[in-house]
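Open the model in your viewer and keep the selection panel at hand. Each stop below says what to select and what is there.

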Amino acid sequence: MQNILHGRLTGLLAMGAIIAVLPAFLPNNFYLDVAILAGFNAVVCVGLNLLIGYAGQISLGHAGFFGIGAYASGVLAGTYGWPPVLALLAGAVFVGLLAFVVAKPILRLKGHYLAMATLGIGIIVSIVLRTESGLTGGPDGMTVEPFRIFGVELYGERVWYWVVGALLFAVVWLSLNLIDSPMGRALRAVHGSEVAAEVVGVDTARFKVLVFVLSAVFASVAGSLFAHYAGLITPAKADFFKSIELVTMVVFGGMASTFGAVVGAVVLTLLPQLLTMFQDYQQIVLGAILMATMVFMPKGLLPTLAALIPARRRA
Amino acid sequence: MNMLTDPELAADAAPLNRRAGPALLRVEHLSREFGGVLAIGDLSFTVAAGDIHSIIGPNGAGKTTLFNLVTGVYKPSGGRVLFDGADVSGQAPYRLAARGMSRTFQNLQIFFNMTALENVMVGRHLHLDTRLLPALFRFPSLKRRDSEARDRAAELMGAVGLSKYLDADAASMPYGALKRLEIARALAAEPKLLLLDEPAAGLNATESREIDEVIKTVAADGVTIVLVEHDMKMVMGISHRITALNHGRKLAEGTPAEVAANPEVVAAYLGAAP
Ligand SMILES: Nc1ncnc2c1ncn2[C@@H]1O[C@H](COP(=O)(O)OP(=O)(O)O)[C@@H](O)[C@H]1O
Ligand SMILES: [Mg+2]
């Protein structure tokens with residue numbers, strides 16, 4: 001399992017190849033749109049997986065960070081006329097600071113305080129987005145300006161597909177690099193045994209805060225770009241159910257597996273499109289998938305499949 | 001009253017056949033209670049640099065609690081811990097690690113989500129570039145030092161007899177190998193002071209002897225060792241000094257011969273396992 005998934009370059013190249021050839025098989029913009037949504041979800045999930053899968057912490061509020069990024073871009077680039085890149089960066093910096101301020105005191109405590117605190121953030125964000133209608137358009141949401149950079153406007157599914165594909169590729173590359181570094185091992189050590197990590201010099205609180213901030217920033221950047229792509233954002237993108245959906249994608253795809261997070265995001269983005277008859281029961285289906293994953297394949301889809309393939313050069 | 005039960009006198013009377021180094025670790029009037037019960041009470045002793053200093057005592061005597069207090073895992077209820085000349089009482093474990101302390105655990109604390117080699121590499125944490133940006137973008141300098149760390153970790157695994165487990169998932173390894181993996185991880189930090197909590201517990205005779213050799217080699221390299229161990233043959237054979245605890249208090253201290261001859265120690269501890 002280690003060998004297959006840790007073939008860093010192999011995996012990265014395979015993913016790059018799939019991203020590159022996929023559009024040839026997508027007959028129209030509807031499919032491209034689904035692929036783009038899957039890509040945005042995957043970007044968030046790769047970040048969230050660093051927190052959940054590798055560092056062993058939990059967040060029930062990542063949709064809130066996605067939402068802040070989306071609305072920062074909507075409001076700053078639209079209402080205030082900022083260049084979209086600046087709006088995106090401002091959103092990311094704000095989310096980073098917010099995540100830092102929340103995580104700093106909480107992560108020093110043990111137990112499930114982080115789950116509660118992130119649940120709280122998510123709820124507060126979605127309430128603010130719904131009620132501050134002067135800025136955010138309230139429950140109906142707001143329209144967002146197209147993304148312009150160097151005088152070029154990003155427009156249409158084709159263009160956005162490549163933007164999101166490149167972003168996902170970059171995020172996966174960064175994540176693989178991080179995991180296979182001293183800091184990445186420190187994060188995994190925090191998951192494995194906090195006390196053992198501490199006594200060899202790992203400032204566990206610091207690394208927990210760092211990975212929380214990093215994953216929140218990934219979500220914010222994805223949110224900003226999503227807002228420009230979709231042209232319309234609503235508070236539903238930031239609410240509790242969206243956060244649970246993201247966690248489910250990570251758990252389903254495979255915790256502590258970067259490609260697993262991508263696969264989880266893709267499969268669970270496609271599923272509702274395929275099973276439109278379940279539209280009304282989407283949250284129930286999601287809950288069932290989460291439970292079934294925990295019970296029947298606690299390692300998640302990709303690691304479970306990988307384990308079925310005989311390892312070639314096992315020691 | 002037996003004069004050996006008085007630690008001060010015992011220390012003075014000890015027939016030192018080698019000169020003790022300066023104090024590396026000094027514990028002063030240390031105490032720690034759990035729900036009104038004293039696990040460590042008014043304990044004072046000194047570990048000289050370069051020594052193998054053993055702590056013995058029956059189960060529940062407070063040996064592990066002492067380790068937890070010294071390494072910052074628990075905060076003392078009273079008293080002080082001085083390490084390398086500084087008062088380090090109540091400091092976080094990772095800060096003490098940076099000052100040169102490292103330890104193993106009686107109840108294994110393995111990173112079961114990693115390979116054996118990665119476990120040991122985490123031990124190199126303090127010697128590596130642990131910043132975010134170099135990691136994200138895989139700076140060449142970070143890569144180079146990381147591969148050096150990999151070699152060093154493999155070397156240490158060899159030193160504790162774990163060469164065949166280099167790429168093994170820690171979760172797949174037997175108990176005896178994991179005990180040694182903890183030692184390799186602690187050594188990877190290059191500590192001045194290494195605290196070993198029952199490193200031979202649960203090992204067979206051959207494995208115990210191997211651990212014995214590892215400890216001697218490490219000590220010969222200049223690392224000061226505090227050892228908690230029930231294997232009396234090992235303790236008597238390799239210790240320069242021994243502190244005996246009972247009910248969280250010091251019962252006796254001295255050379256192995258002195259402690260072994262102490263009637264109270266014999267009554268409290270050795271008598272139970274002749
Ligand atoms: N975290 C804890 N909470 C409550 N009691 C504890 C804790 N740690 C140790 N103790 C108590 O302190 C005493 C000493 O335990 P310990 O240090 O583990 O002894 P030893 O390692 O010598 O066998 C025991 O009575 C034990 O129950
Ligand atoms: Mg103990």
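This is a predicted model: local features need pLDDT of at least 70, side-chain atom pairs count only at pLDDT 80 or more; totals for chains, interfaces and linings use all residues.

**Stop 1**

At 26% relative accessibility, Thr64(B) is partly exposed. Trace both residues back along the chain. Thr64(B) sits in helix α2 (residues 63-70) of chain B, while Gln106(B) belongs to the loop between β6 (101-103) and α4 (116-122) of chain B. The two are 42 residues apart, so to speak of the site is to speak of distant parts of the chain. Gln106(B) is also partly exposed, with 26% relative accessibility.

**Stop 2: helix α2 of chain B**

How many of its eight residues are buried? Seven are, so the helix is largely enclosed by the rest of the structure. Color them: Lys63(B), Thr65(B), Leu66(B), Phe67(B), Asn68(B), Leu69(B) and Val70(B). Step just past the end of the helix. There Gly72(B) has a positive phi of about 85 degrees.

**Stop 3: the sheet under the helix**

Which strands does α2(B) lie across? They are β3, β6, β7 (193-197), β8 and β9 of chain B, and the helix runs at about 150 degrees to β7(B). Show the sheet as a cartoon. It is open, with six strands in the order β6-β7-β8-β3-β9-β10 (chain B), and its pairing is mixed. Look at the edges. β6 and β10 (249-254) of chain B stand there with a single partner strand each, so one side of each has no neighbour in the sheet. On average, neighbouring strands are turned by 20 degrees against each other, direction ignored. Next, select helix α8 (residues 205-220) of chain B. This helix packs on the sheet too, touching β3, β7 and β8 of chain B. Its direction makes about 155 degrees with that of β8(B).

**Stop 4: strand β3 of chain B**

Zoom in on β3 (residues 52-56) of chain B. Five of its five residues are buried, so the strand is largely enclosed by the rest of the structure. In a regular strand, side chains alternate between the two faces of the sheet. Check each face here. Ile52(B), Ser54(B) and Ile56(B) are buried on one side, His53(B) and Ile55(B) on the other.

Now turn to the strands alongside. β3(B) runs parallel to β8 (residues 224-228) of chain B, joined by four bridges. Within β8(B), Val226(B) is the bridge partner of His53(B), and Val228(B) is that of Ile55(B). Strand β9 (residues 241-246) of chain B also pairs with β3(B) over four bridges, in the parallel sense. Find Ser54(B) again: opposite it in β9(B) stands Ile242(B).

**Stop 5: salt bridges**

Zoom out. The whole structure holds 22 salt bridges over all chains. Which two chains do Asp146(B) and Arg185(A) join? Asp146(B) lies in helix α6 (residues 140-159) of chain B and Arg185(A) in helix α9 (residues 182-192) of chain A, so the pair joins chain B to chain A. The closest N and O atoms of this salt bridge are 2.7 Å apart. Both residues are buried.

Stay on chain A and select Glu194(A) with Lys208(A). Their salt bridge has its closest N and O atoms 3.1 Å apart. Glu194(A) is in helix α10 (residues 194-199) of chain A and Lys208(A) in helix α11 (residues 204-230) of chain A, so the pair ties together parts 14 residues apart in sequence.

Return to chain B for Asp129(B) and Arg131(B). They form a salt bridge with closest N and O atoms 2.9 Å apart. Asp129(B) is buried, at 11% relative accessibility. Then select Arg124(B), Arg152(B), Glu155(B) and Glu190(B): salt bridges with shared partners join them into one network.

**Stop 6: two helices of chain A**

Finish with helix α8 (residues 157-179) and helix α13 (residues 258-274) of chain A. Their axes come within 10 Å and cross at roughly 150 degrees. From α8(A), select Leu168(A), Val172(A), Ser175(A) and Leu176(A); from α13(A), Thr258(A), Phe259(A) and Val262(A). These residues make the contact. Five are nonpolar, two are polar and none is charged.

Notes: Residues are numbered from 1 along each chain as its sequence is written. Chains are lettered from A and ligands numbered from 1 in the order in which they are written. Side-chain values use heavy atoms; hydrogens and water are left out. Buried means under 20% relative accessible area, exposed over 50%, partly exposed in between (1.4 Å probe, protein chains only). Axes are lines fitted to C-alpha atoms, for helices over the stretch in contact, and angles run from 0 to 180 degrees between N-to-C directions. Contact means heavy atoms within 4.5 Å. Ala, Val, Leu, Ile, Met, Phe, Trp, Tyr, Cys and Pro count as nonpolar, Asp, Glu, Lys and Arg as charged, and the others, Gly among them, as polar. Two strands pair if DSSP finds at least two bridges between them. A salt bridge is a side-chain nitrogen of Lys or Arg within 4 Å of a carboxyl oxygen of Asp or Glu.
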